Amino acid sequence: MKGFLRENLLLSLCGLNCGLCTMRLGGHCPGCGGGEGNQSCKLARCSLTQGAPAYCIECSRYPCEKYQGFDEFDSFISHRRRDADLKRLEQAGEAAYSAGQREKIEILQFLLDGFNDGRKKTLFCTAVNLLELPELREIVRKLSDSPALEETPLKEKAIRAARLLQQAAEQRGIDLKLRRKK
């Protein structure tokens, strides 16, 4: 969108975690405000009329009518953490929030580099987005401590990683499937 540029391209204006999005990872999206030519967005247009706050949560009208129904379905990334991530950003500050976000991106890259059999990218992105860092760190530890990890076929490693992520999600009552519009 013309004139809409942002510094932090990993967390969108509305709170979506662009750093964990399959479209961004695949090079198909520059992230929210990542340059001219990215998709038009009603929230970006609104931001420009409201003095361009870095995040919607900084606007006195947040959450406004533009958010009605916004979180009912997911896009390429889950919308379920959007509001919680904005609140965490507000409470912890951008530096602390971004540090945790960068750690999640490193964990996602670890999973994609070593455990993706070509069919787990969306699952890994969704799980890393929805699970908390302590859970993710424990999963990385378990995967890293696996005996004979180097000799294990990729398909088996992918199944093990997916199973650990699913178990952690089930313990917290989290569904790792994206909610598609019907």
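I started at the pairing of two helices: Lys104, Ile107, Leu108, Leu111, Leu112 and Phe115 in α4 meet Lys121, Phe124, Cys125, Val128 and Asn129 in α5. Contact here means heavy atoms within 4.5 Å. By class, this contact of α4 with α5 holds eight nonpolar, one polar and two charged residues. I counted Ala, Val, Leu, Ile, Met, Phe, Trp, Tyr, Cys and Pro as nonpolar, Asp, Glu, Lys and Arg as charged, and the others, Gly among them, as polar.

Ground rules. The model is predicted: local features need pLDDT of at least 70, side-chain atom pairs count only at pLDDT 80 or more, and totals for chains, interfaces and linings use all residues. Residues are numbered from 1 along each chain as its sequence is written, and side-chain values use heavy atoms, with hydrogens and water left out.

**Geometry of α4 and α5**

I looked up the axes next. Those of α4 (residues 94–115) and α5 (residues 121–130) come within 10 Å and cross at roughly 155 degrees. That makes α4 roughly antiparallel to α5. The class follows the angle: under 35 degrees is roughly parallel, over 145 roughly antiparallel, 65 to 115 roughly perpendicular, and the rest oblique. Axes are lines fitted to C-alpha atoms, for helices over the stretch in contact, with angles from 0 to 180 degrees between N-to-C directions. I noted the crossing as right-handed, with the near helix turned clockwise from the far one by less than a right angle.

**Covering of α5**

I then checked burial, which means under 20% relative accessible area; exposed is over 50%, partly exposed in between (1.4 Å probe, protein chains only). Eight of the ten residues of α5 are buried. They are Leu123, Phe124, Cys125, Thr126, Ala127, Val128, Asn129 and Leu130. I found these residues packed against α1 (22–25), α3, α4, α6 and α7 (154–171).

From α1 I picked Thr22. Thr22 is buried, at 12% relative accessibility. Beyond four places in sequence, Thr22 touches Phe76, Lys121, Thr122 and Cys125. Cys125 is also one of the α5 residues that meet α4.

**Leu143**

Leu143 sits in α6 (residues 133–144). Its relative accessible area is 0%, so Leu143 is buried. Leaving aside neighbours within four places, I listed its contacts as Phe110, Leu111, Phe115, Leu149, Arg160, Ala161 and Leu164. Leu111 and Phe115 are among the α4 residues that meet α5. For a distance check I took Lys87, 56 residues away along the chain: its C-alpha atom is separated from that of Leu143 by 31 Å.

**The loop between α2 and α3**

Most residues other than glycine have a negative phi, and most peptide bonds are trans. Pro63 lies in the loop between α2 (42–49) and α3 (82–92). The bond from Tyr62 to Pro63 is cis, with omega near -15 degrees. Ala52 is in the α2 to α3 loop too. Its phi is positive, near 55 degrees. Ala52 is partly exposed, at 45% relative accessibility.

**Whole chain**

Of the 182 residues, 46% count as buried. The C-alpha trace spans about 55 × 35 × 30 Å along its principal axes. Among contacts with a separation of 6 or more, 72% join residues 24 or more positions apart.

Notes:
Helices (H or I, at least four residues) and strands (E, at least two) are DSSP runs, numbered from the N terminus.
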